[in-house]
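Take a moment with the sequence and the model below.

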Amino acid sequence: MTILGTVTQQPADVQDYDIEFGEWFPPGDEIVECAISVKPAMPMPPSYAIQGQRIKVWIYEGGTTGVKYQVSVCPETNDGRKKEVELFVRIKEL
């Protein structure tokens with residue numbers, strides 16, 4: 001699994017993050033579905049949109065200040081490939 005890094009949001013923020021999978025999937029192998037999990041659970045789970053070989057992950061408001069959430073994103077392509085990556089979201093009241 002690949003760790004993409006850590007981002008910081010305030011509890012009231014709603015932010016989106018683009019994850020590009022073109023370096024792992026060959027041209028023409030498009031993402032057709034995606035599984036997202038979060039540890040610990042967030043009040044409102046993330047959602048996503050598929051854009052070719054990119055996943056746009058939406059992180060919604062309501063996280064707990066001081067908590068670092070592990071968001072795992074695992075797309076699957078039309079040729080059956082899968083790649084799991086992780087993004088950490090730290091909630092911090094500024």
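Predicted model: local features only at pLDDT ≥ 70, side-chain atom pairs only at ≥ 80, totals over all residues.

In which sense do E1 and strand E7 pair, and over how many bridges? The sense is parallel, and E1 and strand E7 (residues 85–91) share seven bridges. Strands here are DSSP runs (E, at least two residues), numbered from the N terminus. Two of them pair if DSSP finds at least two bridges between them.

Residues are numbered from 1 along each chain as its sequence is written, and side-chain values use heavy atoms, with hydrogens and water left out.

Now widen the view. The sheet is open and has four strands, in the order E1-E7-E6-E3. Its pairing is mixed. Strand E1 (2–9) and strand E3 (31–39) are the edges, and each pairs on one side only. In general, strands of a sheet pair through backbone hydrogen bonds, either parallel or antiparallel.

Next, find Lys56. Lys56 lies in strand E5 (residues 54–59). Is Lys56 buried or exposed? Lys56 counts as buried because its relative accessibility is 15%; buried means under 20% relative accessible area, with a 1.4 Å probe and protein chains only.

Two aspartates meet the side chain of Lys56. The side chain of Asp16 makes a polar contact with it at 2.7 Å. The side chain of Asp18 makes another, at 2.9 Å. A polar contact is a pair of N or O atoms within 3.5 Å; within protein, one must be able to donate a hydrogen and the other to accept it, and residues adjacent in sequence count only if both atoms are side-chain atoms.

Definitions and conventions:
Buried < 20%, exposed > 50% of the residue type's maximum accessible area, 1.4 Å probe, protein only.
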